[in-house]
Amino acid sequence: MALTIGFRDTAGSSKEQAVAAQVQSDCAIFINCRFEGYQDTLWAATHRKFYKKCMIIGTVDFIFGDAAALFQNCVLQLMKPNDGQHNVITASGRVEAIEATGIVIQKCKIVAHASLKAAKNSVKSYLSRPWKDLGRSIIMESTIGDFIAPEGYVPFRGNKGINTVFCRV
């Protein structure tokens, strides 16, 4: 269990993928924690996770993995990504159809960082895309800022996972 602690990717946006926290333990609990990064901020790698009242800041796939992860009463803040990139909050990595895994966002606030507000009309932001073929993401009872693209979902590469993904808002 982690309580009121911060995790930060100090590599910066120019390094592209750099994880601020990789969580592999089972039954991990984070309350009132802060995760700051850019691409791939928080890797909920495996098993069961619970995040409550956390602040998670990032750009591309900043919450990703193959865990059964519940984010409740959190603030998810999107920053301006590198040129030529778009923002995606979740990238689920489920690989087996029988897995009881996925990313669930409940009663959260999805907001734009000041850097993204200035570029709102030139940068697309999405709720989810599948990292693996069987990605599963659910966003429920949450406040979603008007900067999120109306389609909400974007494919990963080409049509990868497009026929097997589960994304509900």
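**Exercise 1.** Count the aromatic pairs, then classify the one between Phe 7 and Phe 30.

*Step 1.* Nine aromatic pairs turn up in this predicted model (ring centres of Phe, Tyr or six-membered Trp rings within 6.5 Å; planes under 30 degrees apart are stacked, over 60 edge-to-face, the rest tilted).

*Step 2.* For Phe 7 and Phe 30, the centres are 6.1 Å apart and the planes meet at 75°, so this pair is edge-to-face.

A word on the ground rules: numbering starts from 1 along each chain as its sequence is written, and side-chain values use heavy atoms, without hydrogens or water. Local features need pLDDT of at least 70 and side-chain atom pairs 80 or more, while totals for chains, interfaces and linings use all residues.

**Exercise 2.** Are Phe 7 and Phe 30 buried, partly exposed or exposed?

*Step 1.* Phe 7 has 22% relative accessibility and counts as partly exposed (buried is under 20%, exposed over 50%, partly exposed in between; 1.4 Å probe, protein chains only).

*Step 2.* Phe 30, at a relative accessible area of 8%, is buried.

**Exercise 3.** Follow Phe 30 onward: which cluster does it join?

*Step 1.* Phe 30 also pairs edge-to-face with Phe 35, at 5.5 Å centre to centre and 70° between the planes. Both Phe 30 and Phe 35 are buried.

*Step 2.* Put together, Phe 7, Phe 30, Phe 35, Tyr 51 and Phe 71 make up one aromatic cluster.
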